[in-house]
Amino acid sequence: MNTEILKNVILASPSSLPLAVVLYYPRALAQLRTAKNCCFPKQWEGFQGGLGGVNAGGQGQAVQIVTKIAFDAVGRRVFTYTNSTTAAGMSSTKLIQDFNTNTMYVIDVLKRICQKTKPTALFNNGCVPDDAKQVFDMTIGAGSETLQAKIYTMRLQQASSLLNITLSVTEKQCVPVGETMVGSVNNVKMVMSMQYFDITLGIKDPSVFTPPAFCKQTGDLRTQNQKLTKGKFRTRALNMQQGLPKAEIPS
């Protein structure tokens with residue numbers, strides 16, 4: 001499996017793999033921030049690191065994902081910058097979604113190609129879905145250094161996707177701690193385990209929601225897709241016996 005297949009799986013996923021599944025869970029899209037379960041902070045930035053595997057067409061591949069996230073429920077904007085690494089190489093993708101203008105930019109960082117289109121889902125206020133089941137509470141750490149968290153489970157089922165999802169958040173502020181996904185997206189089997197780290201409240205750098213200058217020269221999505229099929233991905237040659245390289249953290 002090459003990085004192009006992995007990239008397509010990530011972008012086509014209802015949960016947009018690198019981003020918290022809560023933000024794209026279909027039955028949560030219409031929920032207000034007075035939802036039954038807790039809601040993420042209105043504005044936050046942080047990182048998500050994940051490790052798992054995908055299987056498409058009988059070809060299995062391990063994958064490492066590191067994502068920088070900026071979520072803004074006030075401005076109705078979402079930004080992610082994901083580095084995905086497999087034995088075939090690495091891909092870097094930025095996703096900028098502005099739901100006020102109904103605009104989404106999908107940016108291939110390595111190839112400097114920008115696709116401008118519309119968001120694939122409605123904006124989500126960042127609340128744990130009402131139909132998610134809280135299964136138990138847990139304590140992370142020991143002694144005087146502990147963190148209380150809640151564990152939720154949910155099931156996402158659509159025409160070609162079926163995912164069993166477990167999400168953990170902090171007890172008081174509903175800050176995401178980790179999530180796991182097991183199942184298939186667009187008939188691609190997968191298992192992913194992801195953790196969040198270095199989360200801060202507020203948006204320190206609003207410029208992440210502004211697309212780079214070369215995006216202004218982009219055409220429509222069809223034209224950019226044609227360009228994508230003509231080019232070759234810049235990838236790192238890796239020795240399978242050496243395993244996966246350390247994923248780089250987006251800056």
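Biologist: Which residue stands opposite Ile 65 in β3?

Modeller: Ser 84 stands opposite Ile 65. Keep in mind that this is a predicted model.

Biologist: What makes β2 and β3 a pair of strands?

Modeller: Two strands pair if there are at least two bridges between them. Strand β2 (residues 59-72) and strand β3 (residues 77-86) are joined by nine bridges, so by the cut-off of at least two they are called a pair. The two run antiparallel.

Biologist: How do you know that β8 pairs with β7 and with β9?

Modeller: The rule again asks for at least two bridges. Between β7 (residues 133-142) and β8 (residues 145-158) there are nine bridges, in the antiparallel sense. Ten bridges join β8 to β9 (residues 161-170), and these strands also run antiparallel. Both counts meet the cut-off, so both are pairs. As examples of facing residues, Ala 142 has Glu 145 in β8 as its bridge partner, and Thr 153 stands opposite Thr 166 in β9.

Biologist: What lies between the strands in these hairpins?

Modeller: The hairpin of β7 and β8 has two residues between the strands, and Gly 143 there takes a positive phi near 60 degrees. The hairpin that joins β8 to β9 also passes through two residues.

Biologist: In what order do the strands lie in the sheet?

Modeller: The eleven strands form an open sheet with antiparallel pairing, in the order β6-β5-β4-β3-β2-β1-β11-β10-β9-β8-β7. What makes β6 (113-117) and β7 the edge strands is that each pairs on one side only. From one strand to the next, the twist averages 15 degrees. The protein has two helices besides its eleven strands, and along the sequence a helix comes at each end of the pattern α-β-β-β-β-β-β-β-β-β-β-β-α.

Biologist: Why is the link between Cys 38 and Cys 174 called a disulfide?

Modeller: The sulfur atoms must lie within 2.5 Å. Those of Cys 38 and Cys 174 are 2.1 Å apart, so the pair qualifies. The torsion about the S-S bond is about 60 degrees, so this disulfide is right-handed. Cys 38 sits in the loop between α1 (3-12) and β1 (43-56), while Cys 174 sits in the loop between β9 and β10 (176-185), 136 residues apart.

Biologist: How many disulfides does the rule give?

Modeller: The count comes to three. Cys 39 is joined to Cys 127 with an S to S distance of 1.9 Å. This pair links the loop between α1 and β1 to the loop between β6 and β7, 88 residues apart. Cys 114 is joined to Cys 215, S to S 2.1 Å. Cys 114 lies in strand β6 and Cys 215 in the loop between β11 (188-201) and α2 (221-230), so the pair ties together parts that are 101 residues apart in sequence. With the bonded cysteines numbered in sequence order, the pairing is 1-5, 2-4, 3-6.

Biologist: Are the cysteines of these pairs buried or exposed?

Modeller: Cys 38 and Cys 174 are buried. Cys 39 and Cys 127 are buried, and so are Cys 114 and Cys 215. The label calls for under 20% relative accessible area. Of the 251 residues in the protein, 51% are buried.

How values were computed
Residues are numbered from 1 along each chain as its sequence is written. This is a predicted model: local features need pLDDT of at least 70, side-chain atom pairs count only at pLDDT 80 or more; totals for chains, interfaces and linings use all residues. Side-chain values use heavy atoms; hydrogens and water are left out. Helices (H or I, at least four residues) and strands (E, at least two) are DSSP runs, numbered from the N terminus. Buried means under 20% relative accessible area, exposed over 50%, partly exposed in between (1.4 Å probe, protein chains only). Axes are lines fitted to C-alpha atoms, for helices over the stretch in contact, and angles run from 0 to 180 degrees between N-to-C directions.
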